[in-house]
Amino acid sequence: MNIRIAFTKKIALHPERMQAAMGSAMFESVALLEKNVKQRAPVGVGGAAGLKGSIFGEVKYLTGRIDGLVGTPLAYAQAVEYGRGIGKRMPPVSALIPWVEKFLTIRQGQTAKGVAFAVARYMAARGSRALRRSPPGERMFERGLAASEPGIERIFRRRFGDAVRTVME
């Protein structure tokens, strides 16, 4: 997810103060979005150190703009966000073993690897449980952004209002 603020006209009046206001507004907005996404992220095998713990926010100053990013480096986050499609390749069994050990009961005579293989085959044939929701997936980024948008708008209005007031003094 990216939050990108673009200005159609170059800021001519006190560009350094406006740039500082935009930077502080972006930092505050990214922190708000990161918090809201993390609140909606499911707790998996890694607990707080898993997917939820991998979600990060960063702000980059680039030539002529400031970019805010909230994301995760974990490859499976997309499957969690949107659900796993029907008929897709099986997820890696090795990745499911810790999940099976934590969330499922392994009966006598079964192994975690065997149960994980069965889960992987089920997911390949029928998709993930998250896929059968409407809309499919956890949608933690989508719902986090929707919850953050009013706050982000307030943050930018306040920061730019403060910058304009200090320029007018």
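## Starting with a tryptophan

W99 is partly exposed, with a relative accessible area of 33%. That label covers everything between buried (under 20% relative accessible area) and exposed (over 50%), using a 1.4 Å probe and protein chains only. F103 is partly exposed too, at 39%. Both residues sit in helix α4 (residues 93-103), and because they are four residues apart there, about one helical turn separates them.

Before going on, a word on where this comes from: the model is predicted, so local features need pLDDT of at least 70 and side-chain atom pairs count only at pLDDT 80 or more, while totals for chains, interfaces and linings use all residues. Residues are numbered from 1 along each chain as its sequence is written, and side-chain values use heavy atoms, with hydrogens and water left out.

## The overall layout

How many helices and strands does the protein have? It has six helices and three strands. Here helices (H or I, at least four residues) and strands (E, at least two) are DSSP runs, numbered from the N terminus. Along the sequence, they come in the pattern β-α-α-β-β-α-α-α-α.

Of the 169 residues in the protein, 36% are buried. The accessible surface comes to about 10,700 Å², and carbon and sulfur atoms account for 56% of that; such areas come from the Shrake-Rupley method with a 1.4 Å probe, and for residues only the protein chains shown count as cover. Now take contacts, meaning heavy atoms within 4.5 Å. Among those between residues at least 6 apart in sequence, 69% join residues at least 24 apart.

## Rings that pair up

The structure holds three aromatic pairs. One of them is F27 with Y61, a tilted pair at 6.4 Å centre to centre and 40° between the planes. F27 belongs to helix α1 and Y61 to strand β2 (residues 56-62), so this pair ties together parts that are 34 residues apart in sequence. F27 is partly exposed, with a relative accessible area of 46%, and Y61 is partly exposed with 46% as well. Back to our opening residues: the ring centres of W99 and F103 are 5.8 Å apart with planes at 45°, so this pair is tilted.

What's the rule for pairing? Rings of Phe, Tyr and Trp (its six-membered ring) pair if their centres lie within 6.5 Å; planes under 30 degrees apart are stacked, over 60 edge-to-face, and the rest tilted.

## A serine and a threonine

S54 lies in helix α2 (residues 51-54), and it counts as buried because its relative accessibility is 14%. Skipping neighbours within four places in sequence, S54 is in contact with G71, T72, P73 and L74.

T72 is in the loop between β3 (65-71) and α3 (77-82). What joins the side chains of T72 and S54? A polar contact of 2.5 Å does. That term means a pair of N or O atoms within 3.5 Å; within protein, one must be able to donate a hydrogen and the other to accept it, and residues adjacent in sequence count only if both atoms are side-chain atoms. The T72 side chain also reaches the backbone nitrogen of L74 at 3.3 Å.

M26 is found in helix α1 (residues 15-40) and counts as buried because its relative accessibility is 0%. Its C-alpha atom is 6.3 Å from that of G68, 42 residues apart along the chain.

R139 is in the loop between α5 (112-126) and α6 (140-168). R139 has a positive phi of about 55°, although it is not a glycine. At 13% relative accessibility, R139 counts as buried.
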